[in-house]
Amino acid sequence: MAFTGTRAVPAAAAAAAAATLRGAPVAEPREAIRVDSHLDGGQERALADDVLDGLTRPFKELPPKHFYDARGARLFDRICELPEYYPTRAERAILEQRAGELAASTGAVELVELGSGTAAKTRVLLDALHAAGTLRRYVPFDVTESMVRDSARRLTAEYPGLQVHGVIGDFERHLDRVPRAVGPRIVAFLGGTIGNFPPGSRRRFLRQLARLLGDEDFLLMGTDLVKDPRVLEAAYDDAEGVTAEFNRNVLLVLNRELGADFDPADFDHVALFDREHEWIEMRLRARRELRVNVADLDLLVHFDAGEELRTEISAKFTPERLTGDLAAAGMQMAAWMTDPEALFALTLSQRS
Ligand code: SAH
Ligand code: TRP
């Protein structure tokens, strides 16, 4: 501050300086950002429950939300850049083509995004809403704390006047913590994440989503489409092995959070398209017979040689299936948008 000489320090700058001393971000006025966290301890319990439940079954299974610790989130970002992983590029292409229209037809003043991650593609939508002059607030909602905080900081700096109300939580448990609407809004659920729910919970989740929508609100959802299994399997088993690394990362999460003693090198990454269910399954296959101790749970887990642990499904959709799922949840499709190669779909829906 010595360089400011005799000039009076403006109040905002003084506040910013005080904020720096407290370790708070200074790139934006403090009131532009609010972040609520609902995870305190609860997520560890949820992980413990899921592990107890999933690793003691005849067919071992873990839900995919535990992939995304800070390392998992970084690996996922690399997946999105891989030549084999087309969904991110396809969804971005659709957004780039349609964002203007979406802004105009919805008149949205806010964007709520579930599973927002790094919010990379979100900027396309924010740009369009900003250009339309309606944009007031962005609500990123993610289970990964660093993602929510970083995007709040970046986006308030990039979009002057934008309010960011971040929610750190589990969208399967904390959807009711989404703040009340400040006007017509778009609830975005991108990246095909809806496909990661098993069919029963998918419809239950869609019903909860429908309850978030008022009369003027829209759900904007990204879904991957059924296609050649070779294309699908390559997207989940890339040549560089990033997806394999991502898949094994969940074992490191269990080691750290629950004192387990998994050696990721004991497991092979498996990705295959189940034609009957039309979903990709990711699994971890034990290379030899194993005994794994999960210390915090007093749980000893046995794996036969070749036994598989299912870590994720990623459902692929047809327009019919999606229409059916939406209808079952009390929603109606207002627009179906695809990329030129029809690899991926973005749909806009309203409560019916
Ligand atoms: N929307 C981004 C990221 C998709 S990856 C994109 O399209 O590229 C899925 C994201 O959802 C991750 O950021 C992950 O942390 C988040 N996520 C997964 N399960 C979640 C849950 N149960 N609650 C909240 N966020 C979740
Ligand atoms: N929602 C993404 C999808 O199903 C998540 C994802 C992409 C993913 N690639 C992955 C999850 C690889 C685990 C491993 O496409």
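A residue is near a molecule if one of its heavy atoms lies within 4 Å of it. Keep that in mind as we walk through this structure, which is a predicted model.

Let's start at ligand 2. There are 14 residues around ligand 2, and those that come nearest are Tyr 85, Tyr 236, Phe 246, Glu 312 and Ser 314. Sorted by class, this shell holds 7 nonpolar, 6 polar and 1 charged residues. Where in the fold do they come from? Helix α3 (70–81), helix α9 (242–258) and strand β11 (308–315) each supply at least two residues of the shell.

Now look at single atoms. Tyr 236 has a polar side-chain atom 2.4 Å from an oxygen atom of ligand 2. Ser 314 also places a polar side-chain atom by an oxygen atom of ligand 2, here at 2.6 Å. A nitrogen atom of ligand 2 takes part too, lying 2.9 Å from an N or O atom in the side chain of Asn 196. How much of ligand 2 does the protein bury? Taken alone, ligand 2 exposes 360 Å², and the protein buries 98% of that.

Next, let's turn to empty space. Rolling a probe the size of a water molecule over the atoms shows where such space is left. The second largest pocket has a volume of about 360 Å³. It is lined by 18 residues, and the closest to its centre are Gln 43, Glu 44, Tyr 68, Asp 69 and Val 143. By class, the lining divides into 6 nonpolar, 5 polar and 7 charged residues. Helices α2 (42–55), α6 (145–158) and α9 each supply at least two residues of this lining.

Is Ala 46 buried or exposed? Buried means under 20% relative accessible area, and Ala 46 counts as buried because its relative accessibility is 13%. For His 130, go to helix α5 (residues 122–131). With a relative accessible area of 42%, His 130 is partly exposed.

Ala 46 is 116 residues from Leu 162 in sequence, and their C-alpha atoms are 33 Å apart in space. His 130 is 32 residues from Leu 162 along the chain, with 9.1 Å between the C-alpha atoms.

Note on methods
Residues numbered from 1 in each chain as written. Chains lettered and ligands numbered in written order. Predicted model: local features only at pLDDT ≥ 70, side-chain atom pairs only at ≥ 80, totals over all residues. Heavy atoms only, no water. Polar contact = N/O pair within 3.5 Å; in protein donor to acceptor, adjacent residues only side chain to side chain. Areas by Shrake-Rupley, 256 points an atom, 1.4 Å probe, with all protein chains shown as cover. Helix = DSSP H or I, 4+ residues; strand = E, 2+ residues; numbered from the N terminus. Nonpolar A, V, L, I, M, F, W, Y, C, P; charged D, E, K, R; others polar. 1 Å grid on protein atoms, 1.4 Å probe; cavity = no way out; pocket = protein on both sides within 12 Å on 5 of 7 lines; lining within 4 Å. Points joined across faces, edges and corners; volume = space filled by probe spheres on them. Buried < 20%, exposed > 50% of the residue type's maximum accessible area, 1.4 Å probe, protein only.
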